[in-house]
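Okay, thanks for making time, everyone.

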Amino acid sequence: MVVGTYRDVEIDDPARAKVFAALDRSALRIALRGLSAAELGRFVATAAGAMTSPALTAELHRRTGGNPFFAREVVRLLL
């Protein structure tokens, strides 16, 4: 088994697009997305050990796109 990752914007490069097209024939592709605002609220509550306001959760979601890594780092800095 081979596991590889890439960002969608990387496919815009013609040289890389050929490689991804060749691998795509037998690959299982799983598209990752950011957490929803509700999921992010639960994530932050767990990471911070306390519930956050809906306004803070919405702003955090807007700024991080729901990316758990970015959200965790922002929460760490806020704490």
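Predicted model: local features only at pLDDT ≥ 70, side-chain atom pairs only at ≥ 80, totals over all residues.

Residues are numbered from 1 along each chain as its sequence is written, and side-chain values use heavy atoms, with hydrogens and water left out.

First, the core. By nonpolar core I mean a set of buried Ala, Val, Leu, Ile, Met, Phe, Trp, Tyr and Cys residues joined through side-chain atoms within 4.5 Å. Buried is under 20% relative accessible area, exposed is over 50%, and partly exposed is in between, with a 1.4 Å probe and protein chains only. The largest such core has 5 residues: L40, V44, L60, A71 and V75. Helices here are DSSP runs of H or I, at least four residues, numbered from the N terminus. As a general point, nonpolar side chains in soluble globular proteins tend to be buried together.

Now zoom in on V75. Leaving out residues up to four places away in sequence, V75 touches V44, A48 and L60, where contact means heavy atoms within 4.5 Å.

Next stop, the loop between α1 (14-24) and α2, which is where S36 sits. S36 counts as partly exposed because its relative accessible area is 30%.

On to the charges. How many salt bridges does the structure hold? There are 5, taking a salt bridge as a side-chain nitrogen of Lys or Arg within 4 Å of a carboxyl oxygen of Asp or Glu.

One of them pairs R63 with E59, with the closest N and O atoms 2.5 Å apart. Both residues lie in helix α3 (residues 54-64), 4 residues apart, about one turn of the helix. R63 is exposed at 64%, whereas E59 is partly exposed at 30%.

Then there's E73, which forms a salt bridge with R72 at 3.7 Å between the closest N and O atoms. E73 also bridges to R76, and there the closest N and O atoms are 2.8 Å apart. R76 and E73 are both in helix α4, 3 residues apart, about one turn. Salt bridges that share partners also join E59, R62 and R63 into one network.

Technical notes: Helix = DSSP H or I, 4+ residues; strand = E, 2+ residues; numbered from the N terminus.
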